[in-house]
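Hi,

Here is the structure I promised to pass on. Have a look at it first, and my notes follow below.

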Amino acid sequence: MTSTPLLSDLTARAKARAHSRTAPCPCGADTLADRPDGTVVRHADTVAKAHAPDTAPAELTARLTVAGRLPGILLPPLGPTPVDLHGRLVTFWPYGVPVDPEDPDAAPWEEAATLLARLHRAPAPPGLPPMRGPAKAARAITRLRATTPQPATEPVLRAWAALPAWARAEAPMPDLPGHSDATALCHGDLHLGQLVRHPAPDGPWLLIDVDDLGLGIPAWDLARPAAWYACGLLPPDEWTRFLTAYRTAGGPAVPADGDPWPALDAAARALTVQTAALAIVKATAAGRALDDVQQAVVDACARMGSVPLELAHEYAK
């Protein structure tokens, strides 16, 4: 990985913040992520994140405030406001232990679902921006359209065109049948990489990454595991554990019993399309074919084109 001024200085900032929190510091540093949309470094028990270049200061500050007010649900930041570094907004966080990708049987599905239900039931503060899930899906399609067309491109774009306008970030998120409210507090980008144990190493699970946090339709936060289940990538028992835990915790995204799919289908389709679009973009850039998992998501997009959205519950079968 090539060092950049941002990465070097972000590492120095993380070190300085860690040393101000822990004496003596057990000095250990890692680069956890270095992408155009976010650079994350760790020094001992402190994590520093440089957010995407187009991040709005007021919106990020509002999201940090929410995280600070919900310490049993979201990992609280170490400071209430971001700082500027090389034109990027930087925030500081305590380190938490992430989900182990090598141990899928230990995936905390029940804990994730319970945290989501509690988040969705939490009072939404005034002035919080919209949840950014649909906007991220739209950006994935923009990237796909800028990529050399592949055989898989057409069914993905066809599935995208069939989505409702709100799921394509072309209209406000409405009240929908099966949703109690379209202004719930939502994470916006839920997957297992968004959970950590804090305090490390065996504290309770908490949600991380507030970049997409905001007001919206809570079904979006259930859409990625729902899409994986529909594509055959998440075993039915794990999906059942997740859904049951969410319902048990009083989550408002789906009815308390009965078929959840009418409430989930549009968002699950959108996440399927987003995943397929990014898979094609990355495979094309690497000059390789889609792998089996990526092809399964593209195949799901092709099936969606033949199943009308109003037959929502059939898509998961």
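**The salt-bridge network**

Lys-136 is partly exposed, at a relative accessible area of 21%; in these notes buried means under 20%, exposed over 50%, and partly exposed in between (1.4 Å probe, protein chains only). Its partner is Asp-212: the two side chains meet in a salt bridge at 3.2 Å, N to O. By salt bridge I mean a side-chain nitrogen of Lys or Arg within 4 Å of a carboxyl oxygen of Asp or Glu. Lys-136 sits in helix 4 (residues 133–145) and Asp-212 in the loop between strand 9 (205–207) and strand 10 (214–216), so the pair ties together parts that are 76 residues apart in sequence. Through shared partners, salt bridges link Arg-132, Lys-136, Asp-189, Asp-212 and Arg-224 into one network. Asp-212 is buried, with a relative accessible area of 2%.

Before going further, the ground rules: this is a predicted model, where local features need pLDDT of at least 70 and side-chain atom pairs count only at pLDDT 80 or more, while totals for chains, interfaces and linings use all residues. Residues are numbered from 1 along each chain as its sequence is written, and side-chain values use heavy atoms, with hydrogens and water left out.

**Overall picture**

The protein has nine helices and 10 strands (DSSP runs numbered from the N terminus, with helices being H or I of at least four residues and strands E of at least two). Its radius of gyration is 20 Å, close to the 20 Å that the globule rule gives for 317 residues, so it is as compact as a globular protein of that length. That radius is taken over C-alpha atoms, and the rule is 2.2 Å times the number of residues to the power 0.38. Along the principal axes, the C-alpha atoms fill a box of roughly 60 × 45 × 40 Å. Of the 317 residues, 49% count as buried.

Arg-63 is buried at 4%, whereas Glu-59 is partly exposed at 34%. Val-66 is also found in helix 2, and it is buried, again with a relative accessible area of 4%.

Arg-35 and Asp-37 make another side-chain pair, at 3.1 Å, N to O. Arg-35 is partly exposed at 47%, and Asp-37 is partly exposed at 43%.

Pro-199 is in the loop between strand 8 (195–197) and strand 9, and Pro-201 is in the loop between strand 8 and strand 9.

Two non-glycine residues have a positive phi: Ala-44 at about 55 degrees and Asp-209 at about 70 degrees. Ala-44 is in the loop between strand 2 (38–43) and strand 3 (46–51) and is buried at 6% relative accessibility. Asp-209 is in the loop between strand 9 and strand 10 and is partly exposed at 22%.

Enjoy browsing!
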